[in-house]
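Please open the model in your viewer and keep the selection tool at hand.

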Amino acid sequence: MPKRILIIDDDADIVEAMRMVLEANDFEISTAFTGAEGLEKVKQVRPDLIILDVMMEDDTAGFRVSWSLRNRDPHSEYAEYRDIPLLMISAVSEMKGFRFDPRRDGDYLPVNEFLSKPVMPLDLIEKVDALLSRE
Amino acid sequence: MDLRFIPLERELSDRLHWFIRLRWFAIAGLTMFSVVGPLLIQGLSTVLLLSIAGVILLYNLLFLVLEKRWNVTYLIHCQVLLDWLALTVLCHQTGGIDSPFVLFFVFHVILISMLTNRRGCFAQGFMSIVLICIMIVVEKTGLFPIPEIPGFNIAAHYERTDYLLLYILSFAGVVMFTIYLTTSIVQQLRQREEKLITLQQNLSRSYQELVELDAAKSRFVRTVAHEIRSPMAATQSLLRVALDGFAGDINEKVRDLLVRSERRIIQLLDLVNELLDLVRGGQTLPEEDKSDINVYEAISRILSHMEGRAEEKNIHLKFRMPDTQVIFRGDEQDLERIFQNLVGNAIKYTPPKGYVKVIGRLRRDNFLLFKVCDTGIGIPEKEVPRVFDEFFRASNAKRSQRNGTGLGLSIVKKTIEKYGGQIKLHSKEGKGSCFSVYLPVIVLKDEPPLKGYRS
């Protein structure tokens, strides 16, 4: 069965670019254009990986999605989705003048990996494969 | 900038405190005189002099207690009045109008001129004249006779009414004229001080406005740059998908068109990124965003990322720095901006087999001097003063490399100057360029001083 990937990003063209690349690599793609919609979709499709933008309906929508999903509260409505790997994609680091380093800021920002915009197809596949430990 | 404004009330209470403190010295002096004076001059009474000192001591203690509770101006006037009274009694005890203590009236007049306003001073000066008059009257009429001092014929002076009148007149003249002179000077000084404070306030307000304006401008540029970058990032992503063949096969002609489009997009992205850097370079960094950066490690790291580019062009990249622990307080990205641009340019404009050297030297004034030198195409002498201008590119640089925004060196200069540093350039066309960067650093003392070099 193909692995399911949920892309949460408000830029339809970026979503389309990623969808083409990932579908060509036999992934099943679902999309959401806001953080709130993304959280709903997580429950519906139960993805194996989530690709997450940062600035959507507001500047930190993506951060909030990641915090909701990784909430340590065992009774959280997203408790069963806590272990889904998160790939954060954004140019936010340049925009705000700070850079996230998943090794350093892991606790602060609970995502597994970062991908910068513009999206380079080979880079995207490499990171997705690594997160799903797919050969 | 320290632009404290001391309100008049505060200033007055400071002066009041000073006034009370000065009085302790007066009391000490008088106490000493009451012991020594009678030994030297017959007719003076230790007990009487000591009791005057005692009274002054008592009311000074009282004022010390009241200092914080009463109205300051009121307190100053009370003190001066009591001082006049004590001084009059002291003069009476030590020879009336012939007492040398009469001179202390003038001293006191100067003091109150500094303490209170002009009208109050004249009123107090008038009081002192009245007191001297009363003293003379009670002494002349024999109500309170002056203690006899053998050898001084004081009584003779009191027999001549014209002399007494002249005495009072000149006393009044000296007191009033002194008040006039002193308060004039004090007033002038106060006016100048007020002007200075107003100026300072205006200056700090204008400065604040400029800072806000600059922040607004930076916000605007950031927003615009972001708005430009998002669609370009999307465009480049889409082009990449097509170029990498994820949208099916494309023929060579289409590929060529896509490659050209992507190149222009990257060019534009670079420009936007550099514009952002230019804005950030000029922004002062809040203290919480600064960190202590080990300069040697940071620059080694930056240079190691550029080694590949140098090797590709067969350029020898060399780095030397003193073997001292040197800390730079700031943003590591700023260091990156400075050295990536300088060393990147050096590699870009140096022909193969050339040299690019980065040499650090610690100066005595705790500035780190970095020289970034190359054996590249150099900069024409006439154009050297303009290389740090925004969007300026040297004519030979344009010929040698088509790509380039002309923003790199202005970013470097702005970033360096943000930290209070400096950049200088020596260049000879056809021979090479040498940039000298001065950056303020902190030297860790317990490390071995400048000795060997590591490279």
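Two strands are said to pair if DSSP finds at least two bridges between them, strands being DSSP runs of E with at least two residues, and helices runs of H or I with at least four, numbered from the N terminus. This is a predicted model, in which local features need pLDDT of at least 70 and side-chain atom pairs count only at pLDDT 80 or more, while totals for chains, interfaces and linings use all residues. Residues are numbered from 1 along each chain as its sequence is written, and chains are lettered from A in the order in which they are written.

Select β7 of chain B, residues 432-440, where 8 of the 9 residues are buried, that is, under 20% relative accessible area with a 1.4 Å probe, protein chains only. In the hairpin of β6(B) and β7(B), with 3 residues between the strands, Gly430(B) takes a positive phi near 85°.

Now show chain A as well: 18 residues of chain B are in contact with 22 of chain A, contact meaning heavy atoms within 4.5 Å. The two chains bury about 1,700 Å² between them, 68% of it on carbon and sulfur atoms, this being the accessible area (1.4 Å probe) lost on being put together, summed over both. On the chain B side, colour α7 (161-243), α8 (252-282) and α10 (332-348), the elements that each give two or more residues; α7(B) gives the most, with 11 residues.

Key. Heavy atoms only, no water. Buried < 20%, exposed > 50% of the residue type's maximum accessible area, 1.4 Å probe, protein only.
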